[in-house]
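Here is my note on the structure you asked about. Please keep the picture open while you go through the points.

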Amino acid sequence: MWAVIKFNKKNFNIFKQDIKKNLGKDVEIYTPKLLIKKFRKRKIVNIEFELLGDYLFCFHNNFAK
């Protein structure tokens, strides 16, 4: 089952480690992103934009319980 979780962007790596420590390695974390390519000063600049802001999708079989 999927869960939508709000997280602090500054502590994302710590949050990810805690989730995997508590639930196990079979956790899937999904943060949808949009890649935008723009021209700035005759160069191509890649901008990565998070679609959900400070939310993410997390899947684990135990969420159904």
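1. A residue is called buried under 20% relative accessible area, exposed over 50%, and partly exposed in between, using a 1.4 Å probe and protein chains only. By that scale, Phe-7 and Phe-12 are both buried.

2. Some ground rules apply. The model is predicted, so local features need pLDDT of at least 70 and side-chain atom pairs count only at pLDDT 80 or more, while totals for chains, interfaces and linings use all residues. Residues are numbered from 1 along each chain as its sequence is written, and side-chain values use heavy atoms, leaving out hydrogens and water.

3. A nonpolar core is a set of buried Ala, Val, Leu, Ile, Met, Phe, Trp, Tyr and Cys residues joined through side-chain atoms within 4.5 Å. The largest one here has seven residues: Ile-5, Phe-7, Phe-12, Ile-19, Val-27, Leu-56 and Cys-58. Two or more of them come from each of the elements α1 (12-23) and β5 (55-59). Helices (H or I, at least four residues) and strands (E, at least two) are DSSP runs, numbered from the N terminus.

4. What does Val-27 touch, leaving aside residues up to four places away in sequence? Its partners are Ile-19, Cys-58, Phe-59 and His-60, where contact means heavy atoms within 4.5 Å.

5. Three strands make an open sheet in the order β1-β5-β2, with antiparallel pairing; strands pair if DSSP finds at least two bridges between them. β1 (2-6) and β2 (28-30) are the edge strands, each pairing on one side only. β1 and β5 are joined by five bridges, and Ala-3 stands opposite Cys-58 in β5.

6. The helix α1 packs on the sheet and touches β1, β2 and β5; its direction makes about 20 degrees with that of β5. Axes are lines fitted to C-alpha atoms, for helices over the stretch in contact, and angles run from 0 to 180 degrees between N-to-C directions. Just after α1, Gly-24 has a positive phi of about 105 degrees.

7. How many aromatic pairs does a search of the whole structure find? It finds five. Rings of Phe, Tyr and Trp (its six-membered ring) pair if their centres lie within 6.5 Å; planes under 30 degrees apart count as stacked, over 60 as edge-to-face and the rest as tilted. Trp-2 and Phe-57 are edge-to-face, at 6.4 Å centre to centre and 85 degrees between the planes. Trp-2 lies in β1 and Phe-57 in β5, 55 residues apart.
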